[in-house]
Number of protein chains: 2
Amino acid sequence: MRPSVSIRDVAAHAKVSLGTVSNVLNRPEMVTAATRARVLAAIDELGFVRNESARQLRSGMARAIGLVVLDVGNPFFTDVARGVEQAASEVGHAVILCNSDQSTERQRRHLDLLAEQRVHGVLITPVDGTLTPLRQLEQRGISVVLVDHPTTAADICSVAVDDRAGGALAATHLLAEGYERIVMVTGPPGVHQARERLRGAREAFRRAGRDPAGLEELPVPSLNVAGGLRAGEQLLARRARPDAVFCANDLLALGVLQAVVRAGVAVPEEMAIAGYDDIEFAAAAAVPLTSVRQPRQLIGRTAAEMVIAGREGSDGNGRRHVVFTPELVVRESSRRLRRPIRRPAGPPM
Amino acid sequence: MRPSVSIRDVAAHAKVSLGTVSNVLNRPEMVTAATRARVLAAIDELGFVRNESARQLRSGMARAIGLVVLDVGNPFFTDVARGVEQAASEVGHAVILCNSDQSTERQRRHLDLLAEQRVHGVLITPVDGTLTPLRQLEQRGISVVLVDHPTTAADICSVAVDDRAGGALAATHLLAEGYERIVMVTGPPGVHQARERLRGAREAFRRAGRDPAGLEELPVPSLNVAGGLRAGEQLLARRARPDAVFCANDLLALGVLQAVVRAGVAVPEEMAIAGYDDIEFAAAAAVPLTSVRQPRQLIGRTAAEMVIAGREGSDGNGRRHVVFTPELVVRESSRRLRRPIRRPAGPPM
DNA sequence: CTCCGAGGGGAAAGCGCTTTCCATTCGCCG
DNA sequence: CGGCGAATGGAAAGCGCTTTCCCCTCGGAG
């Protein structure tokens, strides 16, 4: 097997013309079964593998799509990625996964890279609200779909979940359970999703006849477990602790939970906790976590399908914005009822 | 901004020759500062983005590497991916992430795709021990590095962690704590890592003067939380429950833990649990989980560096196999000491 | 003023593939 | 048996870039 077998070698080996090999590869129906078999046999014997770059140089576009996420470590995004990957592989597209880690600079570098690769499209959860670089991509013919980014921009496709509704679900639930002093832990100021969830929660306060300002916001620098630990410690240090904490995502919630449990404070009796995303680990936490579930894989799959379909007719009939509805999952971390006490020999849990 | 700006347009706009533009891009030092500036200005004005496919068609190799993992949902792999991505982006390489989901078929499809893309190299945690397709890649000039796959194959580079030592660490610890009836939960039969961890654990039994056969193996179909839940239920249903469970990874352990805690069985008093990987969520679990830590990002980074360096001289001086040493992290889930009693009414500590 | 060498121009080849345009060769129908 | 259409051959262009070769043009050193 020579390092590089070209379509021309295959043609020679199968004793057909170069064009025929190309036809077998791209329009197999217009070639006789017999010759097709002969060509395929030659491909097999020679170990020929089609060169994507040459192909894409002609077609002008790669059979790959880019996925830029805020944090690969967040199970929310890996589930989205899974959905994307499934949809992409069904049509033979590769997925280039990029992790911006909330850095504008890294995001920019990744977008440049994807532009150089002439990817078919880009799925992105942008670091901030600046959509200019994305519009530039679109001008270059690379379609863009915003993922989980509540946007009002009509010119860019998006797939999102109604964060405001989700925030409202959580807040309504906490209020209904009778919690009074509620704090919402959010991430860095720029994070759109968190803002919307807070907004939804405040609306729920209003609808419940409560002062929206009564929902305090506690921002932390990062939306991960470390950020949650930090938030938890801050809350514990207060004289007047909140009796319920709503976190912008489950990683934060797990961090808060860990800090709180470690300090011997009972959840939910002394402090209830609710998260967002309903990641797999939420149910397995120290105290099973109440959370707001989003159809993660479906988000990814839908976004991928949109970007693969491209902009054909999307201005006319194509849907440009898809919004899913979240769902509240109540678990022990926020139930007012005293949890049943389970003890083997004596210790509670 | 026209859909496609080529190097030729840039040359015309900057009033230089085509070759000069190419030089600015690839060997900037051999062009005068003045003309370089002029060319860069033209690039900027026209919004030129270099076409990677054309470039790679000439060079014969893409500036991208493939990463094939068993499960993107497993934080172990996302951390590895993070390390890979960092190392790759430092040298301007893209990372194509592929998820085999333990399926040979999916793995094959992904490898085909990567071969078509003419990626620079492939990092892979193979589904099984069949290395033939990987050898084929190497013959095509695509270097391969096995990740977290204990191999004896001298002809393929690898980065791994000493799974046997890790298994021994966990088992030794459990024995030292005085546990008697220990079960190890492993995954599907083919999974190499689990096999080695079991082997290491049995060796530890032997060294402790115990019968290695005393360590029972309980295989489950998948190495994730669902698999763990299943294992947990099976163990709970037994008349004679084990007093300690060692799981082949943390996802399994979290699943077992969840099943056990839900049934009101105390951990570790009635059943101790130890996992493997020390993922971020292990510390935040219902009962903080004892686990075996692996340098995940470092594994990814090292593997990426190896594959980017390629096979240049690796037969001679280049290291072809790197093995890291794991580390035991003891938490409450396996401590013999009774945990401090924490209850809302009268929290200690 | 001459000469040299560096910076740059211009042209060309070629990476592997797709696609198009004829020209050719069949097998087969009328 | 003439002719028709389907299946293929053969040739060629061109996607955007890198690289090489050779020639030209200066500015500065001698």
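Predicted model: local features only at pLDDT ≥ 70, side-chain atom pairs only at ≥ 80, totals over all residues.
Of the 26 residues around DNA strand D, the ones that come nearest are A:Thr20 and A:Thr32 from chain A, plus B:Ser6, B:Ile7 and B:Ala54 from chain B.

On chain A, helix 2 (18–26) and helix 4 (52–59) each supply at least two residues. On chain B, the helices that each supply at least two are helix 1 (7–14), helix 2 (18–26) and helix 4 (52–59). Helix 2 of chain B gives the most to the surface near DNA strand D, putting in 5 residues.

Further along chain A sits a sheet. It is open and has 4 strands in the order 7-6-8-9, with parallel pairing. Strand 7 (216–219) and strand 9 (272–274) of chain A are the edges, each pairing on one side only. Going from one strand to the next, the twist averages 25 degrees.

One pairing to look at here involves A:Phe246, whose bridge partner in strand 9 of chain A is A:Ala274. Packing on the sheet is helix 9 (residues 192–207) of chain A, which touches strand 6 (182–186), strand 7 and strand 8 of chain A. The direction of helix 9 makes about 165 degrees with that of strand 6 of chain A.

Methods: Residues numbered from 1 in each chain as written. Chains lettered and ligands numbered in written order. Pairing = 2+ DSSP bridges. Axes fitted to C-alpha atoms, helices over the stretch in contact; angles between N-to-C directions. Contact = placed C-beta atoms within 7 Å. Near = placed C-beta within 6 Å.
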